[in-house]
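Hello,

Here is the structure we talked about. My notes follow below it.

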Amino acid sequence: MPIVVRIDVELAKRKMSVGEFAERVGLTPANVAVLKNGRAKAVRFSTLEAMCRVLDCQPGDLLEWVADEEEER
């Protein structure tokens, strides 16, 4: 999948646990894990907004597009 989720990087920068992050955003730790591991198929804008608010960052800090190997050929 060409969209890479970088929540773990932002959490590490802030020394914030997944549990604290989940609670402050209003998600379960299991749903945060789904996002972190790139298994999510969609993210609501309201959830993305809450994550950015809690981490004081921009959406581009959490999501990155990376070209597939097939696209680079």
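T47 counts as buried because its relative accessibility is 16% (buried means under 20% relative accessible area, exposed over 50%, partly exposed in between, with a 1.4 Å probe and protein chains only). T47 sits in helix α4, residues 45–55. Helices here are DSSP runs of H or I with at least four residues, numbered from the N terminus. Leaving out residues up to four places away in sequence, T47 touches V25 and L27; contact means heavy atoms within 4.5 Å.

This is a predicted model: local features need pLDDT of at least 70, side-chain atom pairs count only at pLDDT 80 or more, and totals for chains, interfaces and linings use all residues. Residues are numbered from 1 along each chain as its sequence is written, and side-chain values use heavy atoms, without hydrogens and water.

Next, the helix pair. The axes of α2 (residues 18–25) and α3 (residues 29–36) come within 9 Å and cross at roughly 105°. Axes are lines fitted to C-alpha atoms over the stretch in contact, and angles run from 0 to 180 degrees between N-to-C directions. α2 and α3 are therefore roughly perpendicular (65 to 115 degrees). V18, F21 and A22 of α2 meet P29, V32 and K36 of α3. That contact has five nonpolar residues, no polar and one charged. Nonpolar covers Ala, Val, Leu, Ile, Met, Phe, Trp, Tyr, Cys and Pro; charged covers Asp, Glu, Lys and Arg; the others, Gly among them, are polar.

Last, the lining of the largest cavity. V5, I7, L35, V43, L48, M51 and L63 line it (a cavity is a set of points on a 1 Å grid over the protein atoms alone where a 1.4 Å probe fits but cannot get out; lining residues have an atom within 4 Å of a point). The lining has seven nonpolar residues, no polar and no charged.

Best wishes

Conventions:
On a 1 Å grid over the protein atoms alone, a cavity is a set of points where a 1.4 Å probe fits but cannot get out, and a pocket is an open set with protein on both sides within 12 Å along at least five of seven lines; lining residues have an atom within 4 Å of a point. Helices (H or I, at least four residues) and strands (E, at least two) are DSSP runs, numbered from the N terminus. Angles under 35 degrees count as roughly parallel, over 145 as roughly antiparallel, 65 to 115 as roughly perpendicular and the rest as oblique.
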